[in-house]
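Please look over the sequence and the model shown here.

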Amino acid sequence: MRVISRVFLLLFLTVFLVTPVMASDTIKIGAILSVTGPASFLGAPEANTLKMLVDEINSKGGIKGKKIELIIKDSSASPEKAISFAKQLIEEERVFAIIGPSTSGETLKIKSICEKGRTICISCAAAERIVNPVARYVFKTPQKDSFAARKIFMQMKKMGIKRIGVVVGNTGFGKAGKAQLEKLAPEYGIDIVISEVYDKRATDLTALVTKLKAKGVEAVVNWSIVPAQSIIAKNMRQIGFNVPLFQSHGFGNIKYVRAAGAAAEGIIFPAGRLLVAEELPDNHPQKPVLLKYKRDYEARYKEEVSTFGGHAYDALMILVEAIKKAGTDREKVRDAIENLKGFVGTGGIFNFSPKDHNGLDIDSFEMLTVRNGKFVLLEK
Amino acid sequence: MEILRVDNLSKSFGGLKAINNVSFGLRKGAIKAVIGPNGAGKTTLFNLISGFLRPDSGSILFKEQEIRDYDAHRIARLGISRTFQHIRLFPGMTVIENVMMGRHRFGRTGFLGSMLNLPRKKREERETRDGAMEALRFVGIEELAHRDALELSYGQQRLVELARALALEPEILLLDEPAAGLNMRETAEMGQLIQRIRDRGITVLIVEHDMSLIMKISEEIVVLSYGEKIAEDVPLAIQKNEEVIRIYLGEEDAQDH
Amino acid sequence: MRKYLGIAFLLMGIVAIQLVASFTDSVYYLTQLTMAGYYTMAVLGLALLMGYAGQISLGHAGFFAIGGYSSAVLTTYNLLPYRDGLFYRLLEALQLLQKREDLYGDTIVNLHPVVAMVVALLLSALIAYVIGIPVLKLKGHYLAMATLGFGIIVYRVVLGTALFGEADGISDVPPFRFYGDLGISGDMDLRVENYYIAWISVLLIMVLFINLLDSRVGRALRAIHGAEDASRAVGIDTGDYKLKTFVLSAVVAALAGVGLTHFNGGIGPSEASVMKSVRYVAIVAAGGMASLWGTMVMSTFLNFMSLRGYFGSYDDALFGGILILIMLFAPEGILSISFRRAWKRLIPRTERVRDGDTEGR
Amino acid sequence: MGVELFLQYIAAGVTYGIIYAIVAIGFNIIYNTTGIINFAQGEFVMLGSMIAISLHGVMPLLPSIVLASVVTMFIGALIEVLFIRWLKSPTVLRMIIITIGLSILIRELALSIWGEGVRALPYFTGNEVSSVEIGMIRISPQVLWVVGVCLFMVAVLQGFFHFTLLGRKMRACAANPVAARLCGINTKNMVTLSFMLSALIGAVAGCVVSPITYSQYNMGTGLAIKGFTVAILGGLGNSLAALGGGIVLGILESFSVWFMPSAYKDAISIAILLVILFVRPSGLFGSKERMALKEF
Amino acid sequence: MLRIINLESGYGSLRVIRGVSLHVNPGEIVTIIGANGAGKTTLLNTISGLIRATSGRIIFDSRDVTGLAAEKVVSLGCVLVPEGRQVFSTMTVKENLLLGACPRGKRAAGRADKDIERVYNIFPRLRERHNQLAGTLSGGEQQMLAIARALMSDPRLIMMDEPSMGLAPVIVREIFGIISRLRREGKTLLLVEQNARMALGISDRGYVLETGRIVLQGPSEDLLQNRDVQRAYLGRDLDAEIRL
């Protein structure tokens with residue numbers, strides 16, 4: 001019995017000594033990101049970006065004189081933690097808005113919580129189901145999968161490719177991509193001969209690409225966000241399977257190019273313009289934004305910028321923009337986001353509307369390829 | 001009437017024949033001993049009869065029922081109870097709890113009944129406790145009932161184990177070296193106790209090294225050597241049996257070396 | 001009645017925490033306490049299995065996930081397209097269907113949560129039974145590996161199957177209403193009610209387990225754990241007892257899964273991951289293998305802290321560290337350290353004399 | 001399925017299998033001398049390759065691999081001394097939990113040292129796209145390195161265990177620890193040695209497979225599970241059996257991709273493990289008698 | 001050569017050896033007899049360092065070896081042939097013998113072949129089995145191998161725990177022959193046996209151990225004639241004296 005009394009003492013202490021401090025002269029923004037765990041390659045750069053931006057904004061005196069207070073919660077890609085954190089942020093911290101989560105599975109779980117809590121949520125996750133059907137308070141910044149798929153199919157049409165194989169990693173991203181590819185292929189007269197899911201931790205995919213080769217496809221589309229996308233490239237070339245390899249916008253990290261080495265040459269994929277910022281014509285509206293983010297990030301963290309960090313950049317900056325316009329009333333800010341037009345972000349130019357809580361169109365994508373170990377515009 | 005009949009029993013481990021074609025019978029209400037040098041297969045024989053090992057061939061009949069393929073717990077439930085050469089008490093339990101385990105086979109309450117505290121549970125619990133106390137009284141250690149079993153002396157632990165085996169109300173009791181580790185006085189008391197057990201109508205099969213004890217209490221003796229039965233007779237005859245003397249009691253001519 | 005003293009304290013504790021939380025305007029702590037309550041249920045089942053039947057399970061999250069996923073699938077799978085089918089009409093006539101509107105105003109007809117729960121529990125019991133027969137014959141590393149393997153298979157299946165939502169898991173699971181609006185639901189207005197639902201369930205399970213352990217069955221389990229040979233010799237069917245304990249603990253884990261899934265309104269593959277199973281084992285170890293109370297306390301504390309995010313990015317590392325420290329220095333659990341025990345440990349447990357013959361092996 | 005495809009599958013299977021086998025051999029070495037399954041074995045593989053990659057930044061390939069292996073070996077010794085050596089007759093359960101805890105801690109430590117990024121050593125010969133044509137199939141030259149290094153290690157280990165006094169002492173500890181002590185062998189030192197040896201093997205394996213599989217802080221867990229599967233599949237405690245078990249599992253996995261979604265690949269190999277555990281726990285190549293000698 | 005003073009030892013809290021004192025002179029064969037559970041094996045295990053004594057002293061060759069680890073005790077020249085044919089069953093006969101030479105350290109390495117040859121002369125059967133796995137030998141051969149392996153360390157005191165256990169009479173006789181031969185070659189032996197008649201027959205002195213205490217000691221012939229010993233261990237003169 002002594003044990004029980006000890007426990008309750010312990011619980012009381014932890015619960016009631018940690019009381020949140022309320023401060024009214026700041027704007028509290030919560031972030032639920034997978035900083036560690038299986039999706040850390042998303043969450044880590046996102047968290048870094050947010051910290052960097054908030055420091056910058058606060059050092060310039062904040063928004064309308066109010067400083068931003070950023071609370072980052074590491075969910076390590078577990079929905080149950082994301083749920084707990086979302087409730088915590090909404091009710092206790094009474095945050096103004098939530099940025100994240102990093103993965104689609106988590107976002108879908110907290111979608112209704114944010115709706116009921118009337119808290120703006122700008123997700124950094126990809127799945128279209130996040131904004132389709134539209135939920136009043138939920139937005140997302142990454143480009144829609146369907147546009148990426150369309151971009152790829154358009155390119156294929158140009159190249160005269162008809163029979164393709166699709167492989168995806170078993171993540172939420174891969175799952176959504178596969179669904180879009182399969183849905184849109186008929187529109188472009190493309191025949192998906194085989195579609196396969198592989199384990200996100202796979203270390204060798206020779207058997208899989210051998211199967212693709214045997215099916216005699218004219219091109220392969222790989223849709224994933226994990227290291228395995230470099231392995232696919234290598235294994236294909238190693239078995240002498242030299243058809244064009246298309247990747248998704250999840251390939252947007254120079255680390256993957258480096259990991260694939262020579263095998264990355266010639267990979268074609270759609271992506272936002274962050275990766276080719278320097279190559280853009282000087283009059284491109286995104287160029288200054290992209291260059292600044294890239295330089296700042298790389299100077300501060302000594303690592304290459306990735307499109308994932310860009311999603312967090314867009315999320316925060318859209319929120320800031322709306323607050324500048326509408327003040328600190330949550331409903332007004334929500335309306336402001338919904339009506340935000342022509343906002344220049346890393347992912348593209350956002351034009352939100354009550355029906356479109358993503359705001360990006362197909363032009364936010366460029367087709368890129370890898371040449372000499374670098375991302376370049378395909379058309380150049 | 002034979003309550004237990006072992007026929008052509010064999011068991012080998014790897015290449016070694018631990019028990020080779022052994023047959024004997026056990027008369028109801030008798031004390032029978034199995035003797036033989038170390039490694040002769042006595043414990044293996046016990047393990048076969050009590051279901052801890054499965055024989056390679058042969059049969060074991062308990063009241064004309066074939067039990068060779070039964071698992072140990074099923075054989076115990078039939079009423080064949082055993083003790084171990086190295087005492088095996090349940091750690092973390094008191095003496096009475098240990099002995100109560102012996103009455104397990106009379107209980108009927110299962111998982112559900114226990115969780116829901118059905119009325120039967122209470123009644124059974126009382127009966128179990130009474131039965132266990134009775135067994136402790138029989139071996140004469142009821143005053144130790146609430147001590148931690150593993151804190152007792154070696155001799156007392158032997159008695160606890162015996163009480164647990166008796167709490168099963170067995171028809172046959174298999175005793176594996178009950179006097180091992182006991183001093184002279186304790187050994188003598190153990191002998192008396194075994195005879196009292198027999199007087200209750202329980203048939204006893206005993207493996208023992210202490211020759212004086214065996215010769216004193218047993219009515220028949222089976223001698224094993226190298227896994228084979230080399231003699232079966234009354235104690236006096238065994239003592240005079242040439243072969244038994246040669247293999248078991250030591251060779252006279254060994255001194256010549 | 002002495003044995004229920006702890007239960008009385010627990011009840012008082014549950015009420016006290018709620019009152020204090022409500023009066024200090026910090027009622028939101030109950031959210032994480034409720035979630036911790038469901039995890040505690042699962043861990044209690046594991047404590048019974050590990051501490052009393054002596055069987056390790058490195059795949060217990062698998063049963064939690066089986067419960068949660070079954071109930072999630074059955075309560076979100078829209079049956080409307082089958083409304084002309086005979087089966088649908090039968091279910092409808094038996095009032096086993098539930099009609100509701102989803103987040104976007106579409107009508108969904110799905111199985112009633114009660115039916116889903118019953119199916120989930122039966123399914124987990126069945127799987128535990130079928131798996132348990134061969135698995136529990138194994139010992140030591142083989143048992144650990146087999147249960148780990150079971151957990152991995154569940155994880156892989158959940159992750160690779162469209163029906164289970166693959167990596168996204170299942171969202172929009174409806175509340176489990178008992179009466180009117182009252183029921184398991186993540187709705188913030190029902191937080192206090194849900195806190196009580198979860199913790200009264202924990203309390204009931206504690207009562208059932210305490211009754212179980214204080215009985216013929218509980219004694220038999222302890223006996224098996226202490227000396228398996230001797231328990232067979234007194235007629236205990238050790239295999240049967242282990243199997244039943246395994247099934248019982250699996251069902252309790254599945255029940256916890258059902259509860260948390262309705263409370264969270266969804267479930268994801270992380271609930272089936274190996275790390276979750278390891279976490280459960282860590283908690284049982286920290287609570288002191290054979291101590292239900294210790295396990296309950298450790299589970300509440302650690303899960304609460306973890307769900308609050310106090311451990312930040314060191315969540316997994318912390319559980320790994322707990323495992324090592326406990327097993328190195330206090331294999332009987334931290335809460336079991338007291339002077340009497342420490343004194344006892346100085347004099348190691350007895351081992352019987354090894355002198356004597358070793359025939360037959 | 002054509003002949004070419006068939007052979008390509010076999011080749012892929014053998015590659016997987018040999019990687020698993022190296023991990024399994026590491027398991028076996030520790031298991032044989034101590035009866036412990038070291039669930040942290042996969043972390044040795046991870047540490048070896050991550051350290052080598054870091055060192056490769058400042059020195060050529062070969063010295064960085066050698067140095068990384070030596071460092072990992074000492075980490076292995078350190079782990080044994082700190083966490084295993086002083087325990088008095090720990091139960092199997094306790095050892096399982098300790099090594100699982102170790103594996104988690106090492107992994108999290110690696111995360112905080114190296115971050116979550118994916119790294120790789122360069123290909124020993126050729127690069128990412130080069131391949132060697134053997135008959136009708138094409139494989140990466142690194143696969144030949146993996147196969148070669150693995151077979152070399154198996155041969156060296158067999159030699160070590162059968163023809164050197166130290167190796168014989170270790171086998172003696174495995175066969176009969178009490179008798180080994182009575183022969184004047186310090187069994188505790190042999191246990192430390194077995195940890196060092198298996199850490200070394202793990203590290204070397206990590207280095208040769210790194211160009212193919214990449215290295216990441218969390219690569220150990222998956223490899224450990226596969227390695228253990230293979231160790232049991234072959235028959236726990238026997239290196240040659242592990243090699244056989246590895247190749248069997250690798251080929252089965254490789255062909256399973258043909259018949260069903262590759263997302264279930266791991267589930268298949270674990271299911272095979274479970275079946276083996278249920279029907280033939282001594283493994284494909286192990287004997288029942290030997291199993292009986294090793295009491296669990 | 002060996003002197004034990006007031007030795008106490010056991011497992012955990014269980015005291016098995018309770019105040020045993022005995023000594024072995026150089027060149028002697030000394031036998032310890034006793035029933036199962038009397039503590040004979042525990043006694044030998046304590047002397048050899050496998051079990052730590054709880055109190056008392058063990059002096060070997062005028063050196064205090066109490067509490068020394070088993071591997072150290074062996075290297076001093078005091079070797080135990082354990083009960084139950086403890087050979088390295090997965091290794092060959094030759095490897096078993098090579099390992100037996102370990103306690104002598106590096107010095108022995110070069111002489112190993114010569115030593116093996118010497119041991120093969122005592123056990124010609126083992127020479128024939130040279131490359132066979134020890135686990136495949138017969139029981140008697142394994143016992144011989146265990147003794148041979150002990151001899152490889154060139155010990156001055158050999159302790160044997162029940163060398164006749166479970167062996168056929170003809171093999172037992174052979175082993176006892178070897179024990180006599182070892183004594184002739186100048187070895188000192190401490191023997192634990194159940195086969196009391198045979199053991200006392202070849203030994204100089206004997207001790208009787210009962211529940212962890214020495215209850216009787218003296219020259220072997222005297223013990224063989226002792227009525228208590230005859231009754232308890234030789235199975236003679238039964239019923240009459242038992243006082244129940």
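## Ile36 of chain D

Ile36(D) touches His141(C), Ile30(D), Tyr31(D), Ile84(D), Met95(D) and Thr99(D), leaving aside residues up to four places away in sequence; a contact means heavy atoms within 4.5 Å. The model is predicted, so local features need pLDDT of at least 70 and side-chain atom pairs count only at pLDDT 80 or more, while totals for chains, interfaces and linings use all residues. Residues are numbered from 1 along each chain as its sequence is written, chains are lettered from A and ligands numbered from 1 in the order in which they are written, and side-chain values use heavy atoms, with hydrogens and water left out.

Ile36(D) sits in the loop between α1 (3–34) and α2 (41–56) of chain D. Helices (H or I, at least four residues) and strands (E, at least two) are DSSP runs, numbered from the N terminus. With a relative accessible area of 8%, Ile36(D) is buried. Buried means under 20% relative accessible area, exposed over 50% and partly exposed in between, with a 1.4 Å probe and protein chains only. Between Ile36(D) and Arg119(D) there are 83 residues in sequence and 31 Å in space, C-alpha to C-alpha.

## Cysteines

Over all chains, the structure holds zero disulfides, a disulfide being a pair of cysteine sulfur atoms within 2.5 Å. For Cys183(D), which is in no disulfide, the nearest cysteine sulfur is that of Cys102(E), 6.6 Å away. Cys183(D) is buried, at a relative accessible area of 4%.

Cys207(D) is in no disulfide either, and the nearest cysteine sulfur belongs to Cys150(D), 14 Å away. Cys207(D) counts as buried, at 0% relative accessibility.

## Thr300 of chain C

Thr300(C) is placed in helix α12 (residues 292–308) of chain C. Its relative accessibility is 4%, so Thr300(C) counts as buried. The side chain of Thr300(C) reaches the backbone oxygen of Met296(C) at 2.6 Å.

## Chain E

Chain E has ten helices and ten strands. Its radius of gyration is 18 Å, close to the 18 Å that the globule rule gives for 244 residues, so chain E is as compact as a globular protein of that length. The radius is taken over C-alpha atoms, and the rule is 2.2 Å times the number of residues to the power 0.38. The C-alpha trace of chain E spans about 60 × 40 × 30 Å along its principal axes. Of the 244 residues in chain E, 59% are buried. Among contacts in chain E between residues at least 6 apart in sequence, 65% join residues at least 24 apart.

Helix α1 (residues 40–48) of chain E has nine of its nine residues buried, so this helix is largely enclosed by the rest of the structure. Among them are Lys40(E), Leu43(E), Asn45(E) and Ser48(E). After α1(E) comes Gly49(E), with a positive phi near 95°.

## Chain A and confidence

Chain A has a mean pLDDT of 87, and 93% of its residues reach 70 or more; pLDDT is the predictor's confidence in each residue, from 0 to 100. Within chain A, confidence is lowest in helix α1 (residues 2–17), at a mean of 53, and highest in strand β4 (residues 120–123), at 95. Over residues 17–23 of chain A the pLDDT is below 50, and this stretch has eleven contacts in the model beyond near neighbours in sequence.

No contact joins chain A and chain B, and their closest C-alpha atoms lie 20 Å apart. Chain A and chain E are likewise joined by no contact, with closest C-alpha atoms 29 Å apart.

Technical notes. Polar contact = N/O pair within 3.5 Å; in protein donor to acceptor, adjacent residues only side chain to side chain.
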